[in-house]
Amino acid sequence: SMNKKSYFMSGKMVEPLKLKGNEDIKNLINNVFANSGFNARRLAEACEIYSRMIKDDATICLTLAGAMTPIGMSGPVIEMMELGFIDFIISTGANLYHDLHRPFEYPVRQGEVLVDDDELNKLGISRIYDTYIDDNETLMSTDKSILEAIKDLPVDRPISTAEFHYRLGDCVLKKSAHPEKSLLAKAARLNIHVYVSSQWDSSIGMNIAGVAARGKRAIIDPSLDILETTAIVMDARRNGVIEIGGGSPKNFYMQTQPMLWQIFRIDKGGHDYFIQLTTDSPHWGGLSGATPQEAKSWGKIKDPSKNNAVVY
């Protein structure tokens, strides 16, 4: 038991943290956050795991929940893709729809939270928390760009959402004033697959349905998405994920392992690396807040005690 005690007490000594000399972000995380505790240390661990994932040449998926792009998060995702830190993406439809505003210079502006929403509605302004989007100049104008891409979709065969988003991104590359502002355009240029597990739950899905109602029906087959994402995971030497939020994209990535062992009877042993940045906590019982430890019970991750971090 003495050995056990010295094992438990073998961690790094906690000292008063030194901010001086650690002002830049890398030193702040490595020398301040990593030497502290609570959520700050989880963030430092997540950074450490991410570097390990990259060095290990893991196949890295980014899952993107909610609507991050209206507040400019296309930018960091574009930079991460350029650096080779992301191999494929699973997103909500909302993130991809709002990604299409700025390359065409349609307005998305900072607004207020405490505002009369009835007045905004009368003025034709839609609000996403503290961000304003113009109904005519932004939403309906963006719809036109999507319709342009849908026009050229094959009608003779089913396609995956990745092929659809590749065509959409290609459209942005060719037709927008600022393709560098779009993660879809960057993904198309780098041939990074972008999947949406619930495509119909977004304005992109609404546009596809609008076209279908007028008689032009594109066949987007969700089974292809499951099979393609599972094939990527199956083929990879190591698999890792960075999850922004939870939701459907989180599960769609995590289920690739049960798809292998439960449906195809091929046991890969689970994902090797898992990072989640989330506002959801486990005690509500929902999937968005479920821990990697719980994921182990489903065979979704390899080792619940290492190479995973949840930053709240």
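How many bridges join strand β4 to strand β5, and do the two run parallel or antiparallel? Four bridges join β4 (residues 125-128) to β5 (residues 131-134), and the two strands run antiparallel. Here are some notes to go with the model.

1. A word on conventions. This is a predicted model, where local features need pLDDT of at least 70, side-chain atom pairs count only at pLDDT 80 or more, and totals for chains, interfaces and linings use all residues. Residues are numbered from 1 along each chain as its sequence is written, and side-chain values use heavy atoms, leaving out hydrogens and water.

2. Overall form. The chain has 14 helices and nine strands; helices (H or I, at least four residues) and strands (E, at least two) are DSSP runs, numbered from the N terminus. For 312 residues a compact globule would have a radius of gyration near 20 Å, and the 22 Å of the chain agrees with that. This radius is taken over C-alpha atoms, and the globule rule is 2.2 Å times the number of residues to the power 0.38. Along the principal axes, the C-alpha atoms fill a box of roughly 75 × 50 × 35 Å.

3. Of the 312 residues, 43% count as buried, where buried means under 20% relative accessible area, exposed over 50%, and partly exposed in between (1.4 Å probe, protein chains only). Among contacts (heavy atoms within 4.5 Å) between residues at least 6 apart in sequence, 71% join residues at least 24 apart.

4. The β4–β5 hairpin. Two strands pair if DSSP finds at least two bridges between them. β4 and β5 form a hairpin with two residues between them, and R127 stands opposite Y132 in β5.

5. Strands β8 and β9. β8 (residues 273-277) pairs with β9 in the parallel sense over four bridges, with V310 in β9 as the bridge partner of Q276. From β9 (residues 308-311), N308 and V310 point one way while A309 and V311 point the other way, and all are buried. In a regular strand the side chains alternate between the two faces of the sheet.

6. E294 in helix α14. E294 sits in α14 (residues 292-297) and is partly exposed, with a relative accessible area of 44%. Its C-alpha atom is separated by 8.4 Å from that of P304, 10 residues apart along the chain.
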